[in-house]
Amino acid sequence: MNYNRTQDIVKKYGFRFTKSLGQNFLTDESVLEDIVSGASVDKDDFVIEIGPGVGALTRELLEKAKAVCAVEIDNTLIPILKEELKEFPNFTLINDDALKIDFNEIIKDEKSVKLVANLPYYVTTPIVVKLLKEKYPFKSITIMIQKEVAERMNASAGGKDYGALSLLVKYYCKTEIIRKVSPACFVPQPKVESSVIKLEILEKPAVNVVDEKLFFEVIKSAFSMRRKTLSNSLKNLKYPQDIILSALENCGIDSRRRAETLSIEEFAALSDEIARKVND
Ligand code: SAM
(Lines give C-alpha, C1' and ligand atoms only; values in the text may rest on other atoms or scores of the structure.)
Protein backbone atom coordinates (compact mmCIF):
# COMPACT_ATOMS: atom_id res chain seq x y z
CA MET A 1 0.00 0.00 0.00
CA ASN A 2 1.32 3.44 -0.83
CA TYR A 3 2.23 5.52 2.19
CA ASN A 4 1.38 9.05 1.11
CA ARG A 5 2.66 10.68 4.27
CA THR A 6 6.24 10.58 2.97
CA GLN A 7 5.29 12.22 -0.34
CA ASP A 8 3.09 14.76 1.46
CA ILE A 9 5.89 15.81 3.83
CA VAL A 10 8.40 16.08 0.99
CA LYS A 11 5.95 18.32 -0.87
CA LYS A 12 4.84 20.36 2.15
CA TYR A 13 8.40 21.44 3.01
CA GLY A 14 9.70 21.54 -0.59
CA PHE A 15 12.40 19.07 0.52
CA ARG A 16 15.14 18.51 -2.07
CA PHE A 17 16.78 15.07 -2.07
CA THR A 18 20.56 14.82 -1.84
CA LYS A 19 21.58 11.81 -3.92
CA SER A 20 25.05 11.63 -2.39
CA LEU A 21 23.48 11.05 1.07
CA GLY A 22 21.64 7.92 -0.15
CA GLN A 23 18.25 9.57 0.30
CA ASN A 24 15.63 7.07 -0.87
CA PHE A 25 12.62 7.38 1.41
CA LEU A 26 10.12 4.60 2.03
CA THR A 27 6.60 5.05 0.69
CA ASP A 28 5.27 1.53 1.24
CA GLU A 29 3.34 0.84 4.44
CA SER A 30 3.83 -2.96 4.29
CA VAL A 31 7.61 -2.57 4.21
CA LEU A 32 7.52 -0.25 7.24
CA GLU A 33 5.39 -2.77 9.13
CA ASP A 34 7.64 -5.68 8.16
CA ILE A 35 10.79 -3.86 9.33
CA VAL A 36 9.26 -3.04 12.72
CA SER A 37 7.76 -6.51 13.26
CA GLY A 38 10.94 -8.17 11.95
CA ALA A 39 12.89 -6.22 14.56
CA SER A 40 10.33 -7.38 17.23
CA VAL A 41 10.19 -3.90 18.72
CA ASP A 42 8.07 -3.57 21.85
CA LYS A 43 7.48 -1.24 24.81
CA ASP A 44 10.64 -2.38 26.62
CA ASP A 45 12.89 -1.37 23.74
CA PHE A 46 15.05 1.70 23.30
CA VAL A 47 15.51 2.01 19.54
CA ILE A 48 18.30 3.81 17.73
CA GLU A 49 17.55 4.71 14.12
CA ILE A 50 20.22 5.83 11.67
CA GLY A 51 18.98 8.17 8.93
CA PRO A 52 15.32 8.93 9.74
CA GLY A 53 14.74 10.91 6.51
CA VAL A 54 11.32 12.55 6.91
CA GLY A 55 10.39 10.06 9.63
CA ALA A 56 8.33 7.31 7.96
CA LEU A 57 10.02 4.46 9.81
CA THR A 58 10.60 6.63 12.89
CA ARG A 59 6.84 7.13 13.36
CA GLU A 60 6.16 3.37 13.19
CA LEU A 61 8.97 2.76 15.69
CA LEU A 62 7.73 5.48 18.06
CA GLU A 63 4.32 3.83 18.20
CA LYS A 64 5.81 0.48 19.26
CA ALA A 65 8.96 1.29 21.28
CA LYS A 66 9.63 2.79 24.71
CA ALA A 67 11.70 5.51 23.02
CA VAL A 68 13.50 6.25 19.76
CA CYS A 69 16.67 8.23 19.23
CA ALA A 70 17.41 9.02 15.57
CA VAL A 71 20.72 10.17 14.11
CA GLU A 72 20.43 12.22 10.91
CA ILE A 73 23.34 13.85 9.06
CA ASP A 74 21.27 16.20 6.84
CA ASN A 75 20.53 19.39 8.80
CA THR A 76 17.73 20.40 6.40
CA LEU A 77 15.74 17.40 7.73
CA ILE A 78 16.04 18.39 11.41
CA PRO A 79 13.28 21.07 11.55
CA ILE A 80 11.00 18.83 9.45
CA LEU A 81 11.44 15.85 11.80
CA LYS A 82 10.97 18.03 14.90
CA GLU A 83 7.73 19.44 13.55
CA GLU A 84 6.31 16.21 12.13
CA LEU A 85 7.09 14.09 15.20
CA LYS A 86 6.35 16.70 17.87
CA GLU A 87 3.46 14.66 19.31
CA PHE A 88 5.94 12.00 20.50
CA PRO A 89 7.59 12.82 23.86
CA ASN A 90 9.64 9.61 23.52
CA PHE A 91 11.54 10.94 20.47
CA THR A 92 15.04 12.43 20.47
CA LEU A 93 17.03 13.55 17.47
CA ILE A 94 20.75 13.97 16.94
CA ASN A 95 22.10 15.92 13.95
CA ASP A 96 25.36 14.09 13.30
CA ASP A 97 27.22 11.59 11.15
CA ALA A 98 26.48 8.03 12.33
CA LEU A 99 30.03 7.04 11.39
CA LYS A 100 31.47 9.49 13.91
CA ILE A 101 29.20 8.85 16.86
CA ASP A 102 29.99 6.99 20.06
CA PHE A 103 26.67 5.16 20.44
CA ASN A 104 27.40 4.49 24.13
CA GLU A 105 26.67 8.17 24.74
CA ILE A 106 23.15 7.63 23.41
CA ILE A 107 22.61 4.22 24.99
CA LYS A 108 23.69 5.28 28.53
CA ASP A 109 22.18 2.67 30.89
CA GLU A 110 19.35 1.47 28.60
CA LYS A 111 18.90 -2.28 28.95
CA SER A 112 17.09 -3.40 25.81
CA VAL A 113 18.59 -1.59 22.85
CA LYS A 114 17.79 -2.35 19.21
CA LEU A 115 19.11 -0.65 16.12
CA VAL A 116 16.68 -0.29 13.22
CA ALA A 117 17.37 1.57 9.97
CA ASN A 118 16.81 1.97 6.29
CA LEU A 119 20.51 2.61 5.78
CA PRO A 120 22.03 4.99 3.24
CA TYR A 121 23.54 2.46 0.81
CA TYR A 122 26.77 4.38 0.16
CA VAL A 123 27.95 3.74 3.74
CA THR A 124 26.27 0.41 4.62
CA THR A 125 29.44 -1.60 5.11
CA PRO A 126 31.41 0.99 7.16
CA ILE A 127 28.35 1.54 9.39
CA VAL A 128 27.82 -2.20 9.99
CA VAL A 129 31.54 -2.74 10.63
CA LYS A 130 31.48 0.10 13.18
CA LEU A 131 28.29 -1.14 14.88
CA LEU A 132 29.74 -4.65 15.29
CA LYS A 133 33.39 -3.96 16.01
CA GLU A 134 32.69 -1.29 18.62
CA LYS A 135 30.74 -3.95 20.53
CA TYR A 136 27.70 -1.91 21.51
CA PRO A 137 25.13 -3.69 23.67
CA PHE A 138 22.55 -4.01 20.86
CA LYS A 139 20.21 -6.99 21.07
CA SER A 140 19.70 -6.82 17.33
CA ILE A 141 20.38 -4.73 14.25
CA THR A 142 17.56 -4.76 11.69
CA ILE A 143 18.46 -2.92 8.52
CA MET A 144 17.33 -2.41 4.97
CA ILE A 145 20.31 -2.58 2.64
CA GLN A 146 21.14 -3.37 -0.96
CA LYS A 147 20.03 -6.96 -1.72
CA GLU A 148 23.50 -8.12 -2.80
CA VAL A 149 25.08 -6.83 0.43
CA ALA A 150 22.42 -8.66 2.48
CA GLU A 151 23.25 -11.84 0.56
CA ARG A 152 26.95 -11.38 1.33
CA MET A 153 26.17 -10.91 5.04
CA ASN A 154 24.01 -14.03 5.03
CA ALA A 155 26.36 -16.25 2.97
CA SER A 156 27.88 -19.56 4.08
CA ALA A 157 31.25 -21.04 3.09
CA GLY A 158 31.53 -22.33 -0.44
CA GLY A 159 29.44 -19.80 -2.34
CA LYS A 160 30.35 -16.79 -4.44
CA ASP A 161 28.84 -14.35 -1.92
CA TYR A 162 30.96 -15.65 0.98
CA GLY A 163 33.73 -13.27 2.02
CA ALA A 164 35.21 -11.09 4.76
CA LEU A 165 31.83 -9.38 5.42
CA SER A 166 30.06 -12.76 5.83
CA LEU A 167 32.68 -13.82 8.39
CA LEU A 168 32.54 -10.54 10.32
CA VAL A 169 28.76 -10.85 10.59
CA LYS A 170 28.93 -14.60 11.38
CA TYR A 171 31.43 -13.91 14.17
CA TYR A 172 29.08 -11.54 16.01
CA CYS A 173 25.55 -12.46 14.87
CA LYS A 174 22.89 -14.86 13.74
CA THR A 175 21.36 -13.60 10.48
CA GLU A 176 17.87 -13.72 9.03
CA ILE A 177 16.64 -12.19 5.77
CA ILE A 178 13.22 -10.73 6.57
CA ARG A 179 12.13 -9.79 3.04
CA LYS A 180 13.07 -8.37 -0.32
CA VAL A 181 11.99 -4.85 -1.27
CA SER A 182 11.57 -3.55 -4.83
CA PRO A 183 12.71 -0.07 -5.97
CA ALA A 184 9.02 0.89 -6.40
CA CYS A 185 8.69 1.12 -2.58
CA PHE A 186 10.86 4.28 -2.39
CA VAL A 187 10.92 7.88 -3.51
CA PRO A 188 13.07 8.51 -5.45
CA GLN A 189 13.46 4.92 -6.65
CA PRO A 190 16.95 3.44 -6.18
CA LYS A 191 18.56 1.57 -9.10
CA VAL A 192 19.00 -1.60 -7.03
CA GLU A 193 16.85 -4.16 -5.22
CA SER A 194 16.88 -4.08 -1.42
CA SER A 195 16.51 -6.57 1.42
CA VAL A 196 15.67 -6.26 5.09
CA ILE A 197 18.09 -8.30 7.19
CA LYS A 198 18.07 -8.92 10.94
CA LEU A 199 21.36 -9.45 12.75
CA GLU A 200 20.76 -10.92 16.19
CA ILE A 201 23.81 -10.27 18.33
CA LEU A 202 25.24 -13.44 19.89
CA GLU A 203 25.96 -13.42 23.62
CA LYS A 204 29.54 -14.34 22.81
CA PRO A 205 31.28 -14.53 19.42
CA ALA A 206 30.63 -17.64 17.31
CA VAL A 207 34.24 -18.84 17.76
CA ASN A 208 36.86 -18.31 20.45
CA VAL A 209 40.07 -16.73 19.17
CA VAL A 210 43.20 -15.76 21.09
CA ASP A 211 43.84 -12.64 18.99
CA GLU A 212 40.77 -11.04 17.38
CA LYS A 213 42.82 -8.52 15.41
CA LEU A 214 44.93 -11.27 13.85
CA PHE A 215 41.80 -13.35 13.13
CA PHE A 216 40.36 -10.50 11.03
CA GLU A 217 43.75 -9.82 9.39
CA VAL A 218 44.00 -13.46 8.29
CA ILE A 219 40.48 -13.27 6.83
CA LYS A 220 41.20 -9.98 5.05
CA SER A 221 44.43 -11.31 3.59
CA ALA A 222 42.87 -14.64 2.52
CA PHE A 223 40.12 -12.84 0.60
CA SER A 224 42.37 -10.10 -0.81
CA MET A 225 42.90 -12.38 -3.83
CA ARG A 226 39.92 -14.71 -3.66
CA ARG A 227 40.79 -16.62 -6.88
CA LYS A 228 44.24 -17.54 -5.51
CA THR A 229 45.20 -20.41 -3.22
CA LEU A 230 45.76 -19.69 0.48
CA SER A 231 49.54 -20.18 0.11
CA ASN A 232 49.49 -17.20 -2.28
CA SER A 233 46.88 -14.92 -0.74
CA LEU A 234 48.27 -15.26 2.80
CA LYS A 235 51.61 -13.84 1.57
CA ASN A 236 50.00 -10.46 2.31
CA LEU A 237 50.28 -11.16 6.04
CA LYS A 238 53.41 -9.74 7.63
CA TYR A 239 54.65 -13.20 8.76
CA PRO A 240 57.26 -15.42 7.05
CA GLN A 241 55.88 -17.92 4.53
CA ASP A 242 57.22 -20.93 6.49
CA ILE A 243 55.14 -19.92 9.53
CA ILE A 244 52.01 -19.63 7.39
CA LEU A 245 52.60 -22.95 5.60
CA SER A 246 53.29 -24.90 8.77
CA ALA A 247 50.29 -23.29 10.52
CA LEU A 248 48.08 -24.41 7.60
CA GLU A 249 49.53 -27.90 7.82
CA ASN A 250 49.10 -28.14 11.60
CA CYS A 251 45.44 -27.18 11.18
CA GLY A 252 44.94 -29.81 8.47
CA ILE A 253 44.11 -27.10 5.89
CA ASP A 254 45.46 -27.80 2.39
CA SER A 255 47.40 -24.70 1.26
CA ARG A 256 45.96 -25.15 -2.25
CA ARG A 257 42.45 -24.38 -0.99
CA ARG A 258 40.85 -20.98 -1.59
CA ALA A 259 39.57 -18.65 1.14
CA GLU A 260 35.94 -19.12 0.15
CA THR A 261 36.07 -22.82 1.14
CA LEU A 262 37.14 -22.18 4.77
CA SER A 263 34.59 -22.21 7.58
CA ILE A 264 34.74 -19.69 10.43
CA GLU A 265 36.06 -22.49 12.68
CA GLU A 266 38.93 -23.13 10.25
CA PHE A 267 39.80 -19.41 10.14
CA ALA A 268 39.77 -19.36 13.96
CA ALA A 269 42.04 -22.43 14.17
CA LEU A 270 44.42 -21.00 11.56
CA SER A 271 44.74 -17.58 13.19
CA ASP A 272 45.25 -19.20 16.63
CA GLU A 273 47.98 -21.41 15.18
CA ILE A 274 49.71 -18.41 13.54
CA ALA A 275 49.46 -16.50 16.85
CA ARG A 276 50.99 -19.47 18.72
CA LYS A 277 53.88 -19.75 16.26
CA VAL A 278 54.58 -16.02 16.25
CA ASN A 279 54.68 -15.94 20.06
CA ASP A 280 56.88 -19.09 20.34
N1 SAM B 1 14.50 6.25 7.22
C2 SAM B 1 14.03 6.98 6.07
C3 SAM B 1 13.05 6.14 5.29
O4 SAM B 1 13.11 4.92 5.44
O5 SAM B 1 12.25 6.70 4.54
C6 SAM B 1 15.17 7.48 5.19
C7 SAM B 1 16.18 6.43 4.74
S8 SAM B 1 17.33 7.00 3.53
C9 SAM B 1 17.70 5.49 2.70
C10 SAM B 1 18.87 7.25 4.44
C11 SAM B 1 18.91 8.42 5.40
O12 SAM B 1 20.20 8.44 6.03
C13 SAM B 1 18.75 9.80 4.78
O14 SAM B 1 17.84 10.55 5.57
C15 SAM B 1 20.15 10.42 4.83
O16 SAM B 1 20.15 11.83 4.92
C17 SAM B 1 20.70 9.76 6.09
N18 SAM B 1 22.17 9.67 6.15
C19 SAM B 1 23.04 9.54 5.12
N20 SAM B 1 24.30 9.41 5.58
C21 SAM B 1 24.24 9.46 6.93
C22 SAM B 1 25.21 9.38 7.98
N23 SAM B 1 26.50 9.21 7.70
N24 SAM B 1 24.79 9.50 9.27
C25 SAM B 1 23.47 9.66 9.55
N26 SAM B 1 22.50 9.73 8.60
C27 SAM B 1 22.87 9.61 7.31
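This is a predicted model: local features need pLDDT of at least 70, side-chain atom pairs count only at pLDDT 80 or more; totals for chains, interfaces and linings use all residues.
Residues are numbered from 1 along each chain as its sequence is written, and side-chain values use heavy atoms, without hydrogens or water. Local features need pLDDT of at least 70 and side-chain atom pairs pLDDT 80 or more, while totals for chains, interfaces and linings use all residues.

I start with the ligand. There are 22 residues around the ligand, and those that come nearest are Leu26, Gly51, Glu72, Asp97 and Asn118; near means a heavy atom within 4 Å. By class, this shell has 11 nonpolar, 6 polar and 5 charged residues, where Ala, Val, Leu, Ile, Met, Phe, Trp, Tyr, Cys and Pro count as nonpolar, Asp, Glu, Lys and Arg as charged, and the others, Gly among them, as polar. Strands E1 (25–26) and E3 (67–72) each supply at least two of the shell residues; strands are DSSP runs of E, at least two residues, and helices runs of H or I, at least four, numbered from the N terminus.

Next, individual atoms. A polar side-chain atom of Asn118 is 2.8 Å from a ligand oxygen atom, and one of Gln23 is 2.9 Å from a ligand oxygen atom. At Pro52, a polar backbone atom lies 3.4 Å from a nitrogen atom of the ligand.

Now away from the ligand. The structure holds 17 salt bridges, meaning a side-chain nitrogen of Lys or Arg within 4 Å of a carboxyl oxygen of Asp or Glu. One of them joins Glu217 and Lys238, at 4.0 Å, N to O. Glu217 lies in helix H9 (residues 212–224) and Lys238 in the loop between helix H10 (230–233) and helix H11 (241–250), so the pair ties together parts 21 residues apart in sequence.

Key
A polar contact is a pair of N or O atoms within 3.5 Å; within protein, one must be able to donate a hydrogen and the other to accept it, and residues adjacent in sequence count only if both atoms are side-chain atoms.
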